[in-house]
Amino acid sequence: MIRKGTYVLFLHIPCDTIVNVGSIGPIPFQEGYYCYVGSAMGGLDQRINRHISKEKRLRWHIDYLTMASDDVYAFESSGDCIPECDLAKLLSDNGSTPAVEGFGCSDCNCATHLFRAEPAFLESILVKNGLTKFVPKIE
């Protein structure tokens, strides 16, 4: 069964670095945690597993950042899911700082879908809003 939904990906960048993000170009990232909001209407499990994996063809903005991360995990909203842009607003309204303008939001009117974040605080906000921690499926 293919599940549809949205997700918030948490990434840890272990040290200050510059990441060449495809069409955006080189971007400096400070050490710390970031979160990215995305949607997967063609397969939630497959999309999140792809983001977590280091073995992939670099296609989306987030792919470049996951390759520079030493820890990647996600929270998911499936079924009657919270729309992607609403999740971005939820993060922004709850203390996350926009990280890179235009990141991951070329198909909407949001300023960004990538934020600097404090995971423990944001995780509790996500759980209160019905998201659950993604558990990779072993096939």
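**Close-up 1. Contacts of Leu44 in the predicted model.** Leu44 lies in helix α1, which spans residues 44–52. Its relative accessibility is 0%, so Leu44 counts as buried. Asp63 is 19 residues from Leu44 along the chain, and the two C-alpha atoms are separated by 16 Å.

**Close-up 2. The largest nonpolar core.** This core holds 21 residues. Phe29, Tyr36, Leu65, Phe103 and Leu114 touch the most other members. At least two core residues come from each of β1 (5–13), β2 (17–21), β3 (25–29), β4 (32–40), α1, α2 (61–68) and β5 (71–78). β1 gives the largest share, four residues.

**Close-up 3. Leu114 and its contacts.** A second, separate core has 17 residues, with Phe10, Cys35, Ile82 and Leu90 among them.

**Close-up 4. The largest pocket.** Its volume is about 250 Å³. The lining comprises 13 residues. Tyr36, Trp60, Glu84, Gly104 and Asp107 lie nearest the pocket centre. β4, α1 and α2 each supply at least two lining residues. The largest share, three residues, is from β4. By type, the lining has four nonpolar, six polar and three charged residues.

Definitions and conventions. Residues numbered from 1 in each chain as written. Predicted model: local features only at pLDDT ≥ 70, side-chain atom pairs only at ≥ 80, totals over all residues. Heavy atoms only, no water. Buried < 20%, exposed > 50% of the residue type's maximum accessible area, 1.4 Å probe, protein only. Contact = heavy atoms within 4.5 Å. Core = buried A, V, L, I, M, F, W, Y, C linked by side-chain atoms within 4.5 Å. 1 Å grid on protein atoms, 1.4 Å probe; cavity = no way out; pocket = protein on both sides within 12 Å on 5 of 7 lines; lining within 4 Å. Points joined across faces, edges and corners; volume = space filled by probe spheres on them. Nonpolar A, V, L, I, M, F, W, Y, C, P; charged D, E, K, R; others polar. Lists of a residue's contacts leave out its neighbours within four places in sequence.
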